[in-house]
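Please read the following points beside the coordinates, as notes from one colleague to another.

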Amino acid sequence: MTGLTTTNLTSLKKIYSGKVRDLYQIDETRMLMIATDRLSAFDVILAEPIPEKGKILTAISNFWFEKLKDVVPSHFTGDQPEDVVSAEDLPQVEGRAVVCKRLKPVPVEAIVRGYIAGSGWKEYKQSNTVCGIQMPAGLREADKLPEPIFTPSTKAAVGDHDENISYAQCEEILGADLAAKVRDTAILLYKTASEYAATRGIIIGDTKFEFGLDENGVLCLMDEALTPDSSRFWPADQYQPGTNPPSYDKQFVRDWLETTGWDKTPPAPALPAEVAEKTAAKYREALEKLTK
């Protein structure tokens, strides 16, 4: 099974490896971000790659950054990845890298939920709340919420779990002005993207944005945007409130892992090629539905 699980550029210095992306320094103001084919599930990075996943994620993100640029600027510099690396490094960057601004990261994950699913559904069943926010009674799994809600979380180091925080805690971390700006921008991004995705037969159940501030303090969207890694994408024609809809993401992998009896501590069980291929096909289908 082919796939790029790690990058080793010789022409630039690596500064960070995340769950999926590797970052390299270009100069004081720019860096190169490469999306590998790594997959993390339950906060553990799997040994086996999902073929071409990094290229598909990069294409989806780039599509959204361009589409949403009137809502918020992105981390794009406009430079081409091929222009900042040596010829021998080209195979590691083609189709899967972007040159981005070095921003000051906003230290919260900006999560917007338009539907009730996942951990939100689990909490709602116990307390009629989602991330501490009171919800109407009688909601079913995957029901659309009356209005999208902003449910921030802390950013955890690789291997740790992000922790949901209240909006008051978000204000403590960011200050009232920036917290409000992040919340309002994230909700507007979600609404704008959801309206477009609906025309392509995709429901965006929820999504996670990452923001940074440029040297002038301007809020910019960074990292990735509205991919199956950072969002729940559901096919509209198979959506049925009361059940967890099938999704264009790593659900195949999660479901398979759940059958293995794995205790969610590293290392993860070896992923069968067939599960990896099915997952890759789902990612590809999302790209084609959104962009074709």
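1. Leu226 counts as buried, at 0% relative accessibility, where buried means under 20% relative accessible area, exposed over 50% and partly exposed in between, with a 1.4 Å probe and protein chains only. Leu226 has a positive phi of about 50 degrees although it is not a glycine, and it lies in the loop between β14 and β15; helices (H or I, at least four residues) and strands (E, at least two) are DSSP runs numbered from the N terminus.

2. This is a predicted model, in which local features need pLDDT of at least 70 and side-chain atom pairs count only at pLDDT 80 or more, while totals for chains, interfaces and linings use all residues. Residues are numbered from 1 along each chain as its sequence is written, and side-chain values use heavy atoms, with hydrogens and water left out.

3. Ala142 is buried, with a relative accessible area of 0%. The peptide bond from Pro266 to Pro267 is cis, with omega near -5 degrees, and Pro267 lies in the loop between α6 and α7 (273–291). Most residues other than glycine have a negative phi, and most peptide bonds are trans.

4. Strand β13 (residues 202–213) runs antiparallel to β14 and is joined to it by 4 bridges, strands being paired if DSSP finds at least two bridges between them. Phe211 has Leu221 in β14 as its bridge partner. The two strands form a hairpin with 5 residues between them, and Gly217 in the turn has a positive phi of about 80 degrees. From β14 (residues 219–222), Leu219 and Leu221 point one way and Cys220 and Met222 the other way, and all are buried.

5. There are 2 cavities of 30 Å³ or more, a cavity being a set of points on a 1 Å grid over the protein atoms alone where a 1.4 Å probe fits but cannot get out, with lining residues having an atom within 4 Å of a point. The largest holds about 70 Å³ of space, and 14 residues line it, of which Arg21, Met33, Thr58, Val98 and Asp223 lie nearest its centre. The largest share of that lining, 5 residues, comes from α1.

6. The second largest cavity has a volume of about 40 Å³, and its lining residues include Arg232, Trp234, Asp249 and Arg254. β15 (231–235) and α6 (251–259) each supply at least two residues of this lining.

Conventions: On a 1 Å grid over the protein atoms alone, a cavity is a set of points where a 1.4 Å probe fits but cannot get out, and a pocket is an open set with protein on both sides within 12 Å along at least five of seven lines; lining residues have an atom within 4 Å of a point. Grid points are joined across faces, edges and corners, and a volume is the space filled by probe spheres set on the points.
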